[in-house]
Amino acid sequence: MRARSLLARSTVVLLAATVALWPAAPAAAASLPLERCYDQETPQYADAQSWSAPGNRHTVWPDPEGILDRDVFQVSAHGRIRIDHWGTQKSVAGELPPAGSDWPAPGAPRYALIAKVTAGTMLVLDSGLSYGPGRWFPVGTDSGCMLYFHAGLAPQLIFSFNDPNLGDNGGGASVLVRQWWD
């Protein structure tokens with residue numbers, strides 16, 4: 001019994017000494033790009049104004065700051081695309097049921113705004129899925145935070161729509177890209 005009491009007192013003294021001697025964390029520690037995206041802090045880069053991603057072709061994001069390993073992106077968009085010559089309109093958010101295997105982004109909402117990188121991998125954190133070069137991933141109206149991994153050649157971020165026939169499309173999306181980095 002006495003040994004337990006001595007051990008308990010020793011533990012309390014040791015913990016108190018550790019807390020007293022442990023160096024304090026810096027008051028304003030730098031946060032990681034992903035944390036800044038989740039907290040919606042001001043990004044290092046944001047498109048000054050929305051730009052158009054037409055519904056009938058692939059559109060390269062004019063990345064004035066470049067894309068580097070561990071950059072974090074968030075894309076927001078609005079608009080409607082015409083999906084046929086008869087005037088059928090769809091939101092850039094897309095619609096269910098999910099696209100089949102013959103669509104550009106299988107499993108993603110049909111007619112949604114999608115994107116791909118030409119090199120590296122984009123991790124879409126909302127779904128936990130990663131997409132390698134040339135694989136389309138869903139963006140819709142709000143991509144959520146996405147983490148880019150790559151070391152090497154300068155990649156491009158390309159936007160399109162999850163439609164197996166872009167040739168009869170019209171309309172498009174107004175797109176804004178925000179980017180955080182270290």
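Visitor: Which residue in strand 13 stands opposite Ala 115?
Guide: This is a predicted model, in which local features need pLDDT of at least 70 and side-chain atom pairs count only at pLDDT 80 or more, while totals for chains, interfaces and linings use all residues. Residues are numbered from 1 along each chain as its sequence is written, and side-chain values use heavy atoms, with hydrogens and water left out. Strand 8 and strand 13 pair in the antiparallel sense over five bridges, where strands (E, at least two residues) and helices (H or I, at least four) are DSSP runs numbered from the N terminus, and pairing requires at least two DSSP bridges between two strands. Within strand 13, the residue that stands opposite Ala 115 is Phe 159.

Visitor: And which residue is the bridge partner of Ala 115 in strand 11?
Guide: Strand 8, residues 113–117, is joined to strand 11 by two bridges, and these strands run antiparallel. In strand 11, the bridge partner of Ala 115 is Phe 137.

Visitor: Which strands stand at the edges of the sheet?
Guide: The sheet is open, with four strands in the order 3-13-8-11 and antiparallel pairing. Each edge strand has a single partner, so one side of each is left without a neighbour in the sheet. The edge strands are strand 3 (59–60) and strand 11 (137–138).

Visitor: Is Tyr 111, with its positive phi, buried or exposed?
Guide: Most residues other than glycine have a negative phi. Tyr 111, in the loop between strand 7 (109–110) and strand 8, has a positive phi of about 70° although it is not a glycine. At 11% relative accessibility, Tyr 111 counts as buried.

Visitor: What is omega for the cis peptide bond that joins Leu 96 and Pro 97?
Guide: Most peptide bonds are trans. Pro 97 is found in strand 6, residues 95–98, and the bond between Leu 96 and Pro 97 is cis, with an omega of about 5°.

Notes
Buried means under 20% relative accessible area, exposed over 50%, partly exposed in between (1.4 Å probe, protein chains only).
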